[in-house]
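Look through the structure below before reading on. The paragraphs that follow start with a single residue and then move to the sheet and a pocket.

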Amino acid sequence: MVRSPAQAQSFHFIDIRLDYILKRTSALASSLASASDPSPLQDNCVAIAEPKNAAFVNGKFCKNPNLTKAEDFFYSGLDKPGNVSNPVGSAVTQVNVAQIAGLNTLGISAVRIDYAPYGQNPPHTHPRATEILTVLEGTLLVGFVTSNPENRLFTKVLNKGDVFVFPIGLIHFQFNIGHTNAVAIAGLSSQNPGVITIANAVFGSDPAIDPDVLSRAFQLDKNVVKNLQSRFWYDNN
């Protein structure tokens with residue numbers, strides 16, 4: 001079909017617009033794929049509970065910058081061991097935006113993890129953060145599993161001073177294989193990384209997931225599922 005000059009010009013304009021839209025969409029998708037917490041657009045945004053005369057940023061209200069103080073960026077107590085006398089034999093001490101209000105919008109937090117001999121930080125995920133863990137004392141068996149369909153396990157034995165990274169959103173764990181207590185410190189790429197402990201979420205949800213669903217999903221007898229759901233699933237965080 002032969003197009004008139006006006007039609008040709010119109011189609012050329014549409015092609016240019018489509019090309020522009022595709023490029024912008026691709027750039028946006030790329031930036032979102034590589035993002036963690038959004039980058040702050042101010043020096044600080046100390047979180048406060050009272051919204052009066054405050055701005056709402058990253059899920060928290062920001063304190064007036066003129067009223068911020070050193071205590072807003074401070075936490076004391078990470079030197080104190082957590083209580084590992086529990087069913088999983090570990091304790092996680094969190095230092096996120098709930099403990100340090102000044103972390104709001106900064107995209108980072110930390111935890112201390114204490115392990116009893118043969119204690120573990122059970123398989124779990126952080127939906128909003130990558131984690132980098134450093135062993136301070138003891139020997140840990142750590143690992144993470146990649147997403148479907150490969151479900152590949154990456155595992156390593158860590159000793160004092162060793163560092164390991166758990167990619168964002170992937171199931172991971174730590175297990176103290178030593179005869180003495182172990183301690184680790186971890187940094188996370190979110191002010192509020194979140195945690196989903198797999199067993200707790202699946203078998204300890206409220207209300208409970210239909211046993212028929214879990215029976216087929218895990219290929220277990222329905223009574224076994226009901227027994228698992230009846231147990232107390234300890235939260236070490």
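Ile171 touches Pro123, His124, Thr125, Gly143, Phe144, Val145 and Ile198, leaving aside residues up to four places away in sequence; contact means heavy atoms within 4.5 Å. The model is predicted: local features need pLDDT of at least 70, side-chain atom pairs count only at pLDDT 80 or more, and totals for chains, interfaces and linings use all residues. Residues are numbered from 1 along each chain as its sequence is written, and side-chain values use heavy atoms, with hydrogens and water left out.

Ile171 belongs to strand E11 (residues 171-176). Strands (E, at least two residues) are DSSP runs, numbered from the N terminus. Between the C-alpha atoms of Ile171 and Phe144 there are 5.5 Å, although the two are 27 residues apart along the chain. Ile171 is partly exposed, because its relative accessible area is 35%, and partly exposed lies between buried (under 20%) and exposed (over 50%), with a 1.4 Å probe and protein chains only.

E11 is one of five strands in an open antiparallel sheet, ordered E9-E8-E11-E6-E13. Strands pair if DSSP finds at least two bridges between them. At the edges, strand E9 (153-158) and strand E13 (196-197) each pair on one side only. Six antiparallel bridges join strand E8 (residues 140-145) to E9, and Val145 stands opposite Leu153 in E9.

Which strand gives the largest share of the lining of the largest pocket? That share, four residues, comes from E5. Strand E4 (90-95), strand E5 (109-115) and strand E6 (120-125) each supply at least two lining residues.
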